[in-house]
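Welcome! Open your viewer, get ready to select by residue number, and follow along stop by stop.

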Amino acid sequence: YLQRRMIVLMDEGGEGDLGALQALLAQAYQSAGDYRQAQRWYRLAQQKLDVNDDTNAQVLVGLAQVELAETGDVRAALEGFAAAEEQYPAAATHLEALIGRADCEARLGVHPEAVEHFGRAVAAVAGAQPRDAQRVKLLAGAIRSHYEFNLTHEDYNVALEYLNLVRPLYEPNYPADLLIELASTHERIGELRLREAWGGEAPADREAARVKRTDPAAKMRFQEAAVHFGEAASYYMRHAEQTMGTDEQAFADSLWNAARCYDRAQMWDKAIEVYAEFVRSRPQDPRQLEAMRLLGVAYQSIGQHETAVQLFTELIEGNGRSPEAYASLVPLAQCRESMGDFENAERVLLHVVTDHPAITPESVQYELALIELGKLYHQLGRYEEAIGRLSEAVQRYGQAAQGAELRFRLADAYRLSVEQIDKDLLEPMPQPKQAALKRERARRLEEAQGLFGAAIGELEAKPESARTALEKLFLRNAYFYRADCVYDLGRYEQAIDLYDLAARRWENDPASLVALVQIVNAYCELGRPQEAKIANDRARWQLKRIPEQAFDDPSLPMTREHWQEWLRWSSELDLFGSQASARPEPAGVGAP
């Protein structure tokens, strides 16, 4: 038909109108897949058309499309689309040129420009009334192809940018597949941010994960992860609501995923609401028991320990041989500890590590229970039992990431256990028993000193930015407790060196006063009042620098005994007055 019309025009002298017909003929060849003929007629049309004729946009777009189809030259096609879009903004093919331009930019990895131009195309299509369903489908398909490509290549942020562009095309009612794509992409970005924050995979121990979240270096990543998990959860919930009553499996999956994402976002109230709905509405779902357990953990996280205990107890008593019941034992014990029910907490933990029929020392639950039991005994001042459990923990798990923490806790249990031996030594007893107790006292202090030193070495080897808040506290206190052990062994010269090292390492920390005071006390024990006076002046100067409220911090390694010793020697030797040069009584020298 076009060819006949062109012959008629030429015969009647209407060659001035040939350009538009040649462009149409080129489109016909293009649609038929004859790209060589299409390109020929587009070129001929260009020669006939006036430069200001909007049909030029149709030609430029057609040439660009043919270039992509025949040679795959994305850069050459981009030039054509860009020229059509920029030079002929009023042409009918302007939207087509804009989409083609954005598509080529996305293929070349020029994502900011691609997002901008796709965004303009979306605004035009979404703003049209009524909205053209065919245009929506074509534009959404072009954009989602780049979402899928970047998702496959794990460039999740870019993938999400493209996917977000699609949303206005469907507002306010997103199709189900778009909701799932938005949810899963946000979830993947959340998981990526968590791996970046943890420096690898998440720790199995929930408490270790909680401590890590306080690390300033990782805090921003955790916050970003929480935002993405929250977004994922909201999209999963919208999908669950959309599929309720029509697709039970899709509803259940999205409800479960929403609860897990709210949980990982630490949006505990929302997590509790959705977990509870899952438990209520999906009694036959194979994830039912895990939902109950995680519901209990969520209640534990917000401090509602009684409710958590009820859930854990129901799960354990009703499904005692399930993996979910095994995983509920340590959280149950932790909740009972928080409620002050130490007897039942101990009973549960002992059951795990001594006579549970299915939990072996190689399992995660045994590891968590053993460490929790050691911490519980330490908290209760039952240091002998703490030493037994923590020694096993160090032997089994001392080479893992938590090895330094375990060594510190064991060292502290050894250090504090000496207090009871000191009390026992004040009682009348046979000489052999007294000698044996003194040897045991020295052995425990030596063990503690060595373990504190090992913990210091491991923690100092870590970059400061990689240490958790708890590790930073343990590192600081290990310096002072190690020196305390040497002091209590009566090795005052060595103690002075270690206290001086601690004071210099932590000179801007209130804890440094502990070391300075103990240096004073050590010089006094050695009968060297002049050095004690100089050290005392240094301690007094440091005391004036420290705000009074700083001493209310329970984590400071400064005890009442430190103050008492300082006051005793200050009184006996007049360290704050004019008699500091007098020599101390020999009876006080060298006594531990």
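pLDDT is the predictor's confidence in each residue, from 0 to 100. This is a predicted model, in which local features need pLDDT of at least 70 and side-chain atom pairs count only at pLDDT 80 or more, while totals for chains, interfaces and linings use all residues. Residues are numbered from 1 along each chain as its sequence is written, and side-chain values use heavy atoms, leaving out hydrogens and water.

Colour the protein chain by pLDDT: the average is 87, and 86% of the residues score at least 70. Now select residues 578-592, where pLDDT stays under 50. For this stretch the model has 28 contacts (heavy atoms within 4.5 Å) beyond four places in sequence.

Next, select helix 15 (residues 288-301) and helix 17 (residues 323-338), which pack at about 15° with axes 10 Å apart. Helices here are DSSP runs (H or I, at least four residues), numbered from the N terminus. Axes are lines fitted to C-alpha atoms over the stretch in contact, and angles run from 0 to 180 degrees between N-to-C directions. The angle makes helix 15 roughly parallel to helix 17 (under 35 degrees). Show the side chains: Leu289, Glu290, Arg293 and Gln300 of helix 15 meet residues of helix 17 including Ala327, Pro331 and Cys335.

Last stop: select helix 19 (residues 364-379) and helix 21 (residues 403-425), whose axes come within 11 Å and cross at roughly 30°. That makes helix 19 roughly parallel to helix 21. Which residues of helix 19 make the contact? They are Ile371, Lys375 and His378, facing Leu406, Arg409, Asp412, Ala413 and Leu416 of helix 21.

How values were computed:
Helices (H or I, at least four residues) and strands (E, at least two) are DSSP runs, numbered from the N terminus. Angles under 35 degrees count as roughly parallel, over 145 as roughly antiparallel, 65 to 115 as roughly perpendicular and the rest as oblique.
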